[in-house]
Amino acid sequence: MYTVFSTFHVPEEKADEVIGIYQNRSRIVDNAPGFLDFLLLQNDKKAGEITVQLFFDTKESYMNWVRGGDFKRIHDLEKKYPDQELASIIPSVSQHKVVAT
C-alpha cells in the first residue's frame, strides 16, 4: 500500500470553509485505478493545519493518477478558486510506502 500526505496551512477562520470544500469534493480520484481511500485530517491543536491523505494500492497507481488528465484538471480548478489567499497555498507533500499494519 502507498499513502500520500498533502499538508497545508490556512488561516484558522477559513478552516471550516476549506473543510467544507473537501467534504463536497468531486470524488474523481475515487475512480482512479488502484485508489483505496481518502481522509481529510485537521490538526487537533492547530485548526488551520489541514492534511489530505490518499491511499493507493501501489506507488505506480499513485504515479499514474498524478500523470493523468483528471489530476491536472482538479488542481487547475483549485488555482481558479475565488479566494486567492486559499488558491495560492502550496501544500507540503510526503509520500510513504506502508511497511506494516
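## The pocket and its lining

E1, helix H1 (15–23), strand E3 (49–56), helix H2 (59–67), helix H3 (69–79), helix H4 (84–87) and strand E4 (92–97) each contribute at least two residues to the lining of the largest pocket. Helices (H or I, at least four residues) and strands (E, at least two) are DSSP runs, numbered from the N terminus. The model is predicted, and local features need pLDDT of at least 70, side-chain atom pairs count only at pLDDT 80 or more, while totals for chains, interfaces and linings use all residues. Residues are numbered from 1 along each chain as its sequence is written, and side-chain values use heavy atoms, with hydrogens and water left out.

The volume of the largest pocket is about 1100 Å³. Its lining has 33 residues, and the closest to the pocket centre are Tyr 22, Val 52, Ile 74, His 75 and Glu 78. A pocket here is an open set of points on a 1 Å grid over the protein atoms alone, where a 1.4 Å probe fits, with protein on both sides within 12 Å along at least five of seven lines; lining residues have an atom within 4 Å of a point. Grid points are joined across faces, edges and corners, and the volume is the space filled by probe spheres set on the points. H3 gives the most to the lining, with six residues. By class, the lining has 23 nonpolar, six polar and four charged residues. Ala, Val, Leu, Ile, Met, Phe, Trp, Tyr, Cys and Pro count as nonpolar, Asp, Glu, Lys and Arg as charged, and the others, Gly among them, as polar.

## The chain as a whole

The chain has four helices and four strands, which run β-α-β-β-α-α-α-β from the N terminus on. The radius of gyration is 14 Å, close to the 13 Å that the globule rule gives for 101 residues, so the chain is as compact as a globular protein of that length. This radius is taken over C-alpha atoms, and the rule is 2.2 Å times the number of residues to the power 0.38. Along the principal axes, the C-alpha atoms fill a box of roughly 35 × 30 × 20 Å.

Of the 101 residues, 35% count as buried. Buried means under 20% relative accessible area, exposed over 50%, and partly exposed in between (1.4 Å probe, protein chains only). Among contacts with a separation of 6 or more, 67% join residues 24 or more positions apart; contact means heavy atoms within 4.5 Å.

## Single residues

| Residue | Relative accessible area | Class |
|---|---|---|
| Ser 6 | 18% | buried |
| Arg 25 | 17% | buried |
| Arg 27 | 42% | partly exposed |
| Gln 53 | 9% | buried |

Ser 6 is in strand E1 (residues 2–9). Beyond four places in sequence, Ser 6 touches Ile 50, Thr 51, Val 52, Pro 91, Ser 92 and Val 93.

Gln 53 lies in strand E3. Leaving aside neighbours within four places in sequence, its contacts are Thr 3, Val 4, Phe 5, Asp 37, Phe 38, Leu 39 and Leu 41.

Arg 25 sits in the loop between H1 and E2. With neighbours within four places left aside, Arg 25 contacts Asp 30 and Phe 38. Arg 27 is in the loop between H1 and strand E2 (35–42). Most residues other than glycine have a negative phi. Arg 27, not a glycine, has a positive phi of about 65 degrees.
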